[in-house]
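Work through the exercises below with the model open. Try each task before you read its solution.

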Amino acid sequence: MIDIIGMVFIGTGLAFDVLGCLGLVRLPDVYNRLQAATKCVTLGTCSILFGTFLMAGGFTPTGFKALIAIVFLVLASPVAAHAISRGAHRAGIKLWDKSIVDSYAEDKEGEA
Amino acid sequence: MKSRIMMFVFAFAVWCILCWVPDTQHLIAGAAVALIVAAIMGSMFVTRPHMLFNPIRVFYFLFWYIPIFIWELLKANFDVAYRVIHPSMPINPGIVRLKTELKSDTGLTFLANSITLTPGTLTVDINKEDGILYIHWINVVGSDPDTTFREIGSRFEPMLKKIFEEDVVK
C-alpha cells in the first residue's frame with residue numbers, strides 16, 4: 001500500500017517536472033522562464049523525494065536523506081531564482097516586448 | 001558566541017541525519033566539520049536568539065505559516081501548469097513594486113522566498129532601506145501600491161510580521 005502511495009507521489013512529481021521543462025521552452029523571456037523553472041521544478045522534485053522517502057520505508061538512512069534534501073531544496077531554489085533574475089536585470093536583459101510595466105528599471109535609471 | 005554554539009549544534013544535527021545511523025567515526029568527523037563551519041559562519045546564523053526559542057512563534061511558524069505555504073505552492077504549480085499548457089499562453093508579465101513593513105533580515109528573506117514560490121510572482125530585488133520588493137508578476141493586474149499589496153503581499157506579510165517582528169506575541 002505505502003509503495004503505491006509513493007509511486008503516486010513520484011508520478012505526480014515527474015508530471016510537474018515535465019511541465020516545468022515545457023514552460024522553460026515555451027515562455028518568452030528569462031523572467032517568465034524562471035517562474036516555471038522554480039515553481040514546477042521545486043514541487044516536482046520535492047514530490048519525487050517524498051515518494052522516495054515513502055518507498056524507502058520511512059525513517060531509514062535513505063528516507064532521512066530525502067527529507068533533508070526537500071528542506072534544502074525549498075530553501076535554496078527561490079534564492080537561486082532571485083539571484084539569477086536580479087543578475088539578468090542588472091546585466092541589461094530586457095523584458096518581453098509585451099510586458100506591461102517595469103518599475104525596477106524606472107527606479108534604477110539614475111544608477112549606473 | 002551564543003550564535004556560534006547554535007550553529008555548531010545545528011550543523012552537527014544535520015550531519016548526523018545525513019549519515020544515519022551515526023557511529024563513532026562519523027560523530028568525530030562530524031564534530032570537526034561542525035566546528036569549522038561554526039567558526040567561519042557562526043556569527044551570521046542567528047542575530048536574535050530569543051526569537052527562536054519563543055514557543056508561540058515556533059507554533060505559529062509550524063502550524064500556521066507552513067500549511068498556508070504548502071497550499072500556495074500547490075496553487076502556484078497548477079497556475080503555471082495552466083499557463084504553460086494553454087495554447088495561447090495567457091501571460092501578461094511585468095515588474096511591480098511591493099511596499100513592505102517588515103524590517104528584519106529573516107522576515108524579509110521569508111517574505112521574498114514565499115512570494116517566489118506562490119502563484120505567478122518572483123522576487124527580483126529587495127530595497128531594504130525603503131522597504132520595497134521588486135516583483136516579476138506573470139499576470140499583472142495593476143501596478144499601484146494598493147493592488148500589489150492586496151494581490152501579493154497580504155497573504156504572507158501580516159503572518160510573517162507576527163512571527164518575526166513584533167516584540168510581544170499573543
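**Exercise 1. Which residue of E3(B) is the bridge partner of B:Val96? Then build the sheet around that pair.**

Step 1. Find the partner. B:Val96 pairs with B:Ile135 in E3(B). The model is a predicted one: local features need pLDDT of at least 70, side-chain atom pairs count only at pLDDT 80 or more, and totals for chains, interfaces and linings use all residues. Residues are numbered from 1 along each chain as its sequence is written, while chains are lettered from A and ligands numbered from 1 in the order in which they are written.

Step 2. Strands (E, at least two residues) and helices (H or I, at least four) are DSSP runs, numbered from the N terminus. Two strands pair if DSSP finds at least two bridges between them.

Step 3. Count the bridges. E1(B) and E3(B) run antiparallel and are joined by six bridges. E2(B) and E3(B) also have six bridges, in the antiparallel sense.

Step 4. Order the strands. The three strands of chain B form an open sheet in the order E1-E3-E2, with antiparallel pairing. E1 and E2 of chain B are the edge strands with a single partner each, so one side of each has no neighbour in the sheet. On average, neighbouring strands are turned by 30 degrees against each other, direction ignored.

**Exercise 2. Is B:Leu122 buried or exposed? List what it touches.**

Step 1. B:Leu122 lies in strand E2 of chain B.

Step 2. Count neighbours. B:Leu122 has 28 C-beta neighbours inside 10 Å, so it counts as buried.

Step 3. List contacts. Two residues are in contact if their C-beta atoms, placed from the backbone, lie within 7 Å. Leaving out residues up to four places away in sequence, B:Leu122 touches A:Tyr31, A:Leu34, A:Gln35, A:Thr38, A:Ala81 and A:Ser85 in chain A, and B:Thr116, B:Ile135 and B:His136 in chain B.

**Exercise 3. How many residues of chain B are in contact with chain A? Describe that side.**

Step 1. Count. 32 residues of chain B contact 34 residues of chain A.

Step 2. Name the contributors. H1 (2-18), H4 (55-85), E1 (94-99), H5 (105-116), E2 (121-127) and E3 (132-137) of chain B each supply at least two residues. H4(B) gives the largest share, six residues.

Step 3. Sort by class. Ala, Val, Leu, Ile, Met, Phe, Trp, Tyr, Cys and Pro count as nonpolar, Asp, Glu, Lys and Arg as charged, and the others, Gly among them, as polar. The side of chain B that touches chain A has 22 nonpolar, eight polar and two charged residues.

**Exercise 4. At what angle do H3(A) and H5(B) pack?**

Step 1. Take the geometry. Axes are lines fitted to C-alpha atoms, for helices over the stretch in contact, and angles run from 0 to 180 degrees between N-to-C directions. H3 (residues 61-90) of chain A meets H5(B) at about 85 degrees, with the axes 9 Å apart.

Step 2. Classify. H3(A) is therefore roughly perpendicular to H5(B); that class covers 65 to 115 degrees.

Step 3. Name the residues. A:Pro78, A:Val79, A:Ala81 and A:His82 meet B:Ala112, B:Asn113 and B:Thr116. Four are nonpolar, three polar and none charged.

Step 4. Turn to the sheet. H5(B) lies across E2 and E3 of chain B and runs at about 155 degrees to E2(B).

**Exercise 5. Where is B:Phe156?**

Step 1. Locate. B:Phe156 is in the loop between H6 (145-151) and H7 (157-165) of chain B.

Step 2. Check burial. B:Phe156 is buried, with 23 other C-beta atoms within 10 Å.

Step 3. Find contacts. Not counting residues up to four places away in sequence, B:Phe156 touches B:Leu111 and B:Ser114.

Terms used:
Parallel < 35°, antiparallel > 145°, perpendicular 65-115°, else oblique. Buried ≥ 20, exposed ≤ 12 C-beta atoms within 10 Å, placed from the backbone.
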